[in-house]
Amino acid sequence: MTAVAMETDAYRASFERFAASARSEPSWLRERRTMAMARFVERGFPGPRDEAWRHTPIAPLVRARFEAADPAARPDADTVEGLGFGSDGPRVVIVNGRFSHMLSSSGPARAGVDILPLGEALARRPELEAHLGVVTGESASVFCDLNTAFAEDGAAVLLAPGTTLEEPIHVAHVQVTDGRPTVAYTRTLVVAGRGSQCRIVESFAGPDERTYLTNAVTEVHVGPNGRVDHYKLQREGREAFHVATLVARLQRDARFADHAISLGAVLSRNDIEVRFEGEGGECVLNGLFLVNGKRLTDTHSRIDHIRPHCSSRELYKGVLDQQARGVFNGLIVVRRGAQKTDAWQTNKNLLLSKDALVHSTPQLEILADDVKCKHGSTTGQIDPAALFYLRSRGIAEAAARSLLTHAFASDLVRRLEVASLREAVERHLQAYLPGGAEIREAVA
Amino acid sequence: MLEIQNLHAKAGDTDVLRGVDLTVRAGEVHAIMGPNGSGKSTLAHVLAGRPGYTVTQGRVLYRGRDLLALAPEERAREGVFLAFQYPVEIPGVSNVYFLKAALNAIRKHRGEPELDAVDFLGIVREKAQLVDIDEALVKRAVNEGFSGGEKKRNEIFQMAVLEPTLAILDETDSGLDIDALRIVASGVNRLRRPERAMVVVTHYQRLLNYIVPDFVHVLVEGRIVRSGGKEMAFELDERGYTWLEKEPAPVGRGQS
């Protein structure tokens, strides 16, 4: 028996125990779990020959024996404080994949807005059968399948048609470990009805110097003429693995934006899929990753223009230092008949050291003939002319480098329209860059 | 203030400066003229410390110190300023605030107290008027989307704020129409001080109608082949540079 088969066996065994446990959940959900597990067993973990994982070695993740994180664990006060919630809006805290009633506060009740523990929502709302695990469908990665098989809870955000929620909804996913390598499966389901509108900020955090795995799936359904702005702040601990799937399905004239900020984890992978299932949809995918040491961050995005007259805008920027690795793979698919598609994709990377490396692969797959598509990718170092210009005025070299690095990242930071999030990222940048505090105000 | 002695320098692998001698004293304005490729800009860059050049012989003393041993930012803090021929656009970096950081670095180096935002913005207002530049413009990102003339004016504005001891103006007139040239030159003239020296690098005599130099030097093939007073510029304008390219002996400084 190969090592890989043994790995899937361990997951299968724990799934059998999990499936046998007495949980009250609808039968459709049980079936979906079983199917997801079957797909995982059939496919196994991806290896180096798997194109989508070619530059992302996951052997350490596959080898580690993760045990389920304690569902009853509580984060300490510092951790909760460090989540950096703004005072604005409802907040949800998911600890080890469980909705924490104690730490969450939905704020005043609002007509048409339901923010619920996912497990409870699935048990009580039969209509969610049409949404959970449907978006992620067949193209799901094995990690997404594992999440479908094992995730018991998380957050559900349900917006009735015509509802607008002004304040952003914060969903913080926290992992609390007891020292053993643990895994938490956490899931967020957003269903925004016709003409509804909201902003969601998901953040991920956990202890430094602990090996753990967060497996997260976020599914977003945006109804006709609806709008969802999704933000993700990934600041897992330095030794953490973070594997996440985001899928958005857009109906006619729907708008969706995702801003992904990746700051933590030793290895992080984001799989993002946007599907235009109606005409006239718009989506924005923005991302910023900041990695150093021997860490790796990987984003695979797929924007599927199924229907005509949709537009997508994607901008990803990476800042890599020391021996860090980055992977960006952005695929835009324009299906036959998706005429008047307007798609634009850019990836820009800044390498701060000679040993940092990024694999950037923008891809277009166009089967329609009346479309406007553009993509590009640049990877470079700090512009020596700009560096000399700043130094020639009296700015020290280290500060000049920080200033230029900050300038590179800042156009994405400025696009974060949730003040508390923008400030958290800004604080991180300043702490990360040498002399960051001194150059603070020189940022245009 | 500035003593350049037998300066030889390479740009990459090419010998560009082949023995430049020049002495500049406080209060003087020296014009360096010469044909394309004569080494004018290289001289300006070497003095400011731009990477990419190798000094192979000679030395440069600035106020008695070895200028070439200093990093670019240390030269700036010691009072050296280069007005760039091609000012760099730096999106995302605020012009005034980077200038505030620069001015405070210089003040700190001199042992002077750092300026707060209010004091600094007072200086910005005053200097913007002095060089006739729109205050809104200087608060934008460094040179981003500026016209050619605006970039050059911004250079002079930065010079006005930083108050250098030695200002090197590299082809500040290039690409300017006559109105822009007049504005830039009058800004420079207002910054002339008895304690400040200027080295004005230019290809055309035209600039020297507005910034009247004390001395004019002609650089040909990396050497100063002729030095004279301001009237020499007119001669160069009429006769061009070719007749000088045969001149033998390099000459140090002007006729004083």
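Guide: The accessible surface of chain A comes to about 17,800 Å², and carbon and sulfur atoms own 49% of that. Keep in mind that this is a predicted model.

Now for the overall dimensions. Along the principal axes, the C-alpha atoms of chain A fill a box of roughly 70 × 55 × 50 Å. The radius of gyration of chain A is 21 Å, which agrees with the value near 22 Å for a compact globule, because that is what 444 residues would give. Step inside and you'll find that buried residues make up 56% of the 444 in chain A. As for the fold, chain A has 10 helices and 20 strands. Take the contacts in chain A with a separation of 6 or more: 84% of them join residues 24 or more positions apart.

The largest nonpolar core holds 102 residues, and Ile4(B), Ile90(B) and Phe157(B) touch the most other members. Chain A's helix H8, residues 397–414, gives the most to this core, with 9 residues. A separate core of 33 residues lies apart from it, including Cys198(A), Ile200(A), Ile272(A) and Cys310(A).

Back to Phe157(B) for a moment: leaving aside neighbours within four places in sequence, Phe157(B) is in contact with Asn95(B), Leu99(B), Val124(B), Lys127(B), Ala128(B), Val131(B), Ile133(B) and Val138(B).

Terms used. Residues are numbered from 1 along each chain as its sequence is written. Chains are lettered from A and ligands numbered from 1 in the order in which they are written. This is a predicted model: local features need pLDDT of at least 70, side-chain atom pairs count only at pLDDT 80 or more; totals for chains, interfaces and linings use all residues. Side-chain values use heavy atoms; hydrogens and water are left out. A nonpolar core is a set of buried Ala, Val, Leu, Ile, Met, Phe, Trp, Tyr and Cys residues joined through side-chain atoms within 4.5 Å. Buried means under 20% relative accessible area, exposed over 50%, partly exposed in between (1.4 Å probe, protein chains only). Helices (H or I, at least four residues) and strands (E, at least two) are DSSP runs, numbered from the N terminus. Contact means heavy atoms within 4.5 Å. The radius of gyration is taken over C-alpha atoms; the globule rule is 2.2 Å times the number of residues to the power 0.38. Accessible areas come from the Shrake-Rupley method with a 1.4 Å probe; for residues, only the protein chains shown count as cover.
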